[in-house]
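This report covers charge pairs, a pocket and a helix packing. Please read it alongside the sequence and model.

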Amino acid sequence: MTNVSDVLTPVEAFPDEVDSRKRQWLQAFHPPVEQMNAPQVQEPASPESIVADFIRQHSASGQLVARSVFLLPPYSVPETDLSALLDVLGQDANGADITCVQGAEEAYFYSTQTMTANYADMCVQVVENDICRAIAEAVRFDCRTYPRPYKVAMLTQPPYRFESQQIAAALTAMETHPDYADIRTVESSNAEPYLFSERFMSYGKAYGLCEWLEVEQYQNP
């Protein structure tokens, strides 16, 4: 059998015009002698670790992984096998960062290493196209947490990326829906629209805060 080292010209013998990246690629065929004499045996990755890494990769790019993804091609994992796999993953210390959030339509997974629970909830609402609920929850979260009113323009940014027409239609629908009776509009003196929740702040406080955010902070540096 002919060895690779018998047919490859040493890297030093290649002309100068050879791309340096190709040199690095060729050097990979010439590992140090001590590594060749002591090969390492790598344990195959378990199905649980493969699924966990798949979820982590998606979370790092700001995406949830729906449970149904594993049931469909190209994965096509049988339901019983998937349930067992996810049960094992939930009990595995190496998968402690993998969390499930239940949407109205199905379950979704994410990694707490790169995604917060609040962001995951927002992603669920976007995936399930529940625009009214997404807006209401975003407004309530900001009013409760910071507290501050919610700038309507933020709904055009990730993870929402709603179009202006979608936002306008949703706000119109929310005006008469009892589930969103606490969501109110307020506008700063420069005509920038904000939203706030009466559960967590009054109109006067919301107006004062949006006026500060839009106008006064720039007048009083």
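## Salt bridges

The count comes to nine salt bridges, each a side-chain nitrogen of Lys or Arg within 4 Å of a carboxyl oxygen of Asp or Glu. The model is predicted: local features need pLDDT of at least 70, side-chain atom pairs count only at pLDDT 80 or more, and totals for chains, interfaces and linings use all residues. Residues are numbered from 1 along each chain as its sequence is written, and side-chain values use heavy atoms, with hydrogens and water left out.

Arg140 and Glu137 form a salt bridge at 3.1 Å, N to O. Both lie in helix H7, three residues apart, about one turn of the helix. Helices (H or I, at least four residues) and strands (E, at least two) are DSSP runs, numbered from the N terminus.

## Largest pocket

The largest pocket has a volume of about 460 Å³. A pocket is an open set of points on a 1 Å grid over the protein atoms alone, where a 1.4 Å probe fits, with protein on both sides within 12 Å along at least five of seven lines. Volume is the space filled by probe spheres set on the points, which are joined across faces, edges and corners.

The lining holds 23 residues, each with an atom within 4 Å of a point. Met122, Ala138, Phe141, Asp142 and Tyr150 lie nearest the centre. H7 gives the most to the lining, seven residues.

## H7 against H8

The axes of H7 and helix H8 (residues 164-174) come within 9 Å and cross at roughly 80°. Axes are lines fitted to C-alpha atoms, for helices over the stretch in contact (heavy atoms within 4.5 Å), and angles run from 0 to 180 degrees between N-to-C directions. H7 and H8 are therefore roughly perpendicular (65 to 115 degrees).

Notes: Parallel < 35°, antiparallel > 145°, perpendicular 65-115°, else oblique.
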